[in-house]
Amino acid sequence: MEQILRIENIEKYYGSKSSLTKAIDDISFAVQKGEFTAIMGASGSGKTTLLNCISTIDRVTAGHIYLENTDITTLKGRELNSFRREKLGFIFQDFNLLDTLTAYENIALALSIQKKPAKEIDKAVKHVAEQLGITEVLEKYPYQMSGGQKQRVASARAIVTSPELVLADEPTGALDSKAAKMLLERFRYLNTECGATIMMVTHDSFTASYAGRVIFIKDGKIFNEINRGSDSRKQFFDRIIDVVTLLGGDVSDAL
Amino acid sequence: MLCKLSVSNIRRSLRDYAIYFFTLLIGVSVFYVFNAIGGQASMMELGESKNEIVVLITNALSYVSIFVAGVLGLLIVYASRFLMKRRNREFALYMTLGMSKGKISAILLLETVIIGVLSLGTGLLLGIGLSQLMSALVAHLFEADMSAYRFMISGNAIVKTVIFFAVMYLVVMVFNSVMISRFKLIDLMQSGKKSEQIKLKNPVLCVIIFLLSAAVLGYTYYQVGWNYDGLNRTKCLLSFAAGTVTTFLLFWSVAGMLLRVMMSAKNTYFRSLNAFTFRQISSKINTAVLSMSVICLMLFITICTLTSAFSIRNSMNANLRELCPADFEIEWGAYSDKELETPVFEDIVEKYEINGFDINEYFRESVHFHIYEDSSLTLGTFLGNQLEAIRAEFPFLRYDTVETVVRLSDYNKLLQLYGKEPLEMNADECIILANYSSMIDVRNRVLSLNQSVEVFGHTLHSRYPGCVDGFISMSGSRTNLGIIVIPDEIADERFASRDYFIGRYAAESEEQNAEIEKAVKKQFDLMLRADSDYREYTADGEPTVYNWSMTTSKIDICDDSIGIGALITFLGLYIGLIFLISCGAVLALKELSESVDSIPRYVMLRKIGAEEKEITKSLLIQTGFFFLLPLLLACIHSAVGMKFAVYVLSVFGTEDIGASILSTSLILLLIYGGYFLITYSCSKGIVKERK
């Protein structure tokens, strides 16, 4: 399978010389096209920093990140914007929808800043809305929607541009369990049926169990990595719990 | 501790305070500059009559200052309330930490004091600097000598400014304390978290209201700008009220329709950040309908006030050169009745001689002539068969006024003195002189029909199909309603009424001119006194002849019109400047706070990859729309308003209105445009990516 993301020995330091914090301490791994990867870790383990570095929102201190053989750590200014616009899709914990725009316009915005013609935009938005089951809320404003609907609209916005990589930061963090389950089912559908490559950061084992592969991070280093293989989701969940137990108290608290 | 908190608060929210501070600064300095004018003018060596005018101007400016203080006070209360709202979460934090409301009030009090003292101090400094520039304008307006001028500070104006602003800040403090005492912790903590509710107005209702108010506005425009029938105070007030209401309704309906109109253009709407931009604009306008209407009206008043003020002043100066071609004029009238209706002719030169004075003593050149009044020739009979039609249109004219008649040779002598070409006409012709534009309109209607005029039993025809520009008496403005010039042969001395003596002083310099003026006036007074002593009186002490005479001098007219010109210019500038900074400040504050509220939106736009260039462009469109929309309507209002003003002010003459409009536009561009630029660049700073 084609390799889409390659991370080589990245490091990220915060603070000054006297009190140095290594948020990421020499992490390397690769993601194949069509993979659904979860990154797990306790608060402060460095998982969000990792995601920020991949999404070019933050810069690495050392190391390289290659997306489709482009070293994104060397991109600057306009290149960064166009990279984000064309290659990446974002899903955030707090949805990050524009409250003044309807669901339809929020999704369309991702395409219109790529300067796609209005006709094409309309087709793409309706298509992705169907995939995520939000056709009936398209004309509503964020304040008129439930949390689950908002997150699915945000997901639709993330994938409507057919990005190489969808990055999700705690996507279920602000959802109740029913809405979370529904959203994750949609993620799995997008992954298996539409071939979307998804990388998701979470501290919730249940959420992680929907992925095909889980990378555990502790104190800025990769602690463990497990693949689902042919296991059922339940079996995979149990294996994740085992690792989490090994990881220590922090994460199990979050369960 | 409290002091430290206050200082660091101000430093931290400098961004929010910048516009507030800037506005206070301008407010204080403008206030000082205009209150210091009296002191500055008194330093220049002005004539006695000019000094009287300076007192008048100083008084007028102090009265207007009270109004200005009111406007600025409202602005400051508005701005401080606005800044308070931005800090609800901060207050919530203080309260959860257990700080009492009294302490929070104390922090705010300190902040207001610090801002107040700083703005007063720097504002006064700026004002003192600016007022030196102002004195150049004062000197220019009064045509005074600047050589005696030195740097000056008006203690009076400083005290006044400090007192007025101290009172304003006190009001703000009271207001803040009241607001704090009403705080509820839960509301403070939740403020800013509630997402905006978008309510689209009923589009049909919007279109109906838009069309309706546009129609009413159009009718109002017609009434004020083109149809002056039965124009009176009630009609003017009604028009202004209609304009105000329709302005509000127009903004209200445009706010509702704008987005729908833009959304219907799908290709534009879904291009780049347009959807976002239009939504932002629409929500901004929706929440600011009232303030936009107020700002639009204030801009309208500013534009009209400034343009009229400049134009009156410009025309007055132009008028003086044209309408005062000689130095001194004596108009001598005598009547046999108390109501001054039956004239008795008396010769001025004879009068002077009888009383032992030489009228020509001080004059290099002069003309002496008299006019005639034929009691059967009134404005009414002049208009002939057009009288009823014209009376229906102009019911306020006095149609029984007896027309003034002058002999051609006398008028030509006067023209020679005034340095103009003489008139010519045949024995059966007459010429009508006038320079008051609406009377010219009335008379031309008759003259174009070639109607004849009966004078002293002779039938005369006008040589020209319209009035000829001209006058006998010198004046500061165009007030000649009509004089009929007749051939010398038909003049009947039995109808001679008032006698004129108009001359030019035998003076070589300005100083000599002023000296002669004094002497001539004194001579006239002495002559009048001697004349009244010599007159005959009836048994009840009533004179047999009532004297009604007056003098007109170029210097008096000039001083008067300079004074009126200066007064109008100062008042226009004062009110205009204050209104402009108020408009600018309100818009800027609103726009900046919107930008702060929208920071997360811009962060999100960047995350999904919007170009920095597109974001700046969106911001420019938003700010531009917000500033231009009220200005646009204000300009349309002003176009009609100025048409009306030209009509009302026609007595001053407003032909050269282009230059006035240009000056107004420059001031508008400078201040309003300045606020726009500051707002735009501040907004850019606010939404800028923070690393």
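## Close-up views of a predicted two-chain model

**View 1. Cys206(B) in helix 9.** Cys206(B) sits in helix 9 of chain B, residues 203–225. Helices here are DSSP runs of H or I with at least four residues, strands are E runs of at least two, and both are numbered from the N terminus. The model is predicted: local features need pLDDT of at least 70, side-chain atom pairs count only at pLDDT 80 or more, and totals for chains, interfaces and linings use all residues. Residues are numbered from 1 along each chain as its sequence is written, while chains are lettered from A and ligands numbered from 1 in the order in which they are written.

Cys206(B) is buried, because 20 other C-beta atoms lie within 10 Å. The cut-offs are 20 or more such atoms within 10 Å for buried, 12 or fewer for exposed, and in between for partly exposed, with C-beta atoms placed from the backbone. Beyond its neighbours within four places in sequence, Cys206(B) contacts Lys201(B), Ser253(B), Gly256(B) and Met257(B). A contact needs C-beta atoms, placed from the backbone, within 7 Å. Leu258(B) is 52 residues from Cys206(B) in sequence, and their C-alpha atoms are 10.0 Å apart.

**View 2. Leu188(B) in helix 8.** Helix 8 of chain B, residues 185–190, holds Leu188(B). Leu188(B) counts as partly exposed because it has 19 C-beta neighbours inside 10 Å. Residues up to four places away in sequence aside, Leu188(B) touches Asn88(B), Arg89(B), Phe91(B), Ala92(B), Met95(B) and Phe183(B). Tyr672(B) is 484 residues from Leu188(B) in sequence and 34 Å from it in space, C-alpha to C-alpha.

**View 3. Domains of chain B.** Chain B is divided into domain 1 (1–194), domain 2 (204–329 + 555–691) and domain 3 (330–554). These bounds come from an automatic or database domain assignment. Taken over C-alpha atoms, the centres of domain 1 and domain 3 of chain B are 56 Å apart.

**View 4. Contact between chain A and chain B.** Each side is given by its count: 24 residues from chain B and 24 residues from chain A. On the chain B side, two or more residues come from each of helix 11 (266–269), helix 12 (274–287), helix 21 (599–607) and helix 22 (612–648). Helix 12 of chain B gives the largest share of that side, 5 residues. By class, the chain B side has 8 nonpolar, 7 polar and 9 charged residues. Nonpolar means Ala, Val, Leu, Ile, Met, Phe, Trp, Tyr, Cys and Pro; charged means Asp, Glu, Lys and Arg; the others, Gly among them, are polar.

**View 5. Helix 3 against helix 4 in chain A.** The axes of helix 3 (residues 103–112) and helix 4 (residues 118–132) of chain A come within 10 Å and cross at roughly 125°. Axes are lines fitted to C-alpha atoms, for helices over the stretch in contact, with angles from 0 to 180 degrees between N-to-C directions. Helix 3 and helix 4 of chain A are therefore oblique to each other. Oblique covers what is left after roughly parallel (under 35 degrees), roughly antiparallel (over 145) and roughly perpendicular (65 to 115). Helix 3 of chain A contributes Tyr104(A), Ile107(A), Ala108(A), Leu111(A) and Ser112(A) to the contact, and helix 4 of chain A contributes Ile121(A), Ala124(A), Val125(A) and Val128(A). This contact has 8 nonpolar, 1 polar and no charged residues.

**View 6. Positive phi at Thr56(A).** Thr56(A) is not a glycine, yet its phi is positive, near 65°. Thr56(A) lies in the loop between helix 1 (47–54) and strand 4 (62–67) of chain A. Thr56(A) is buried, with 22 other C-beta atoms within 10 Å.

How values were computed: Contact = placed C-beta atoms within 7 Å.
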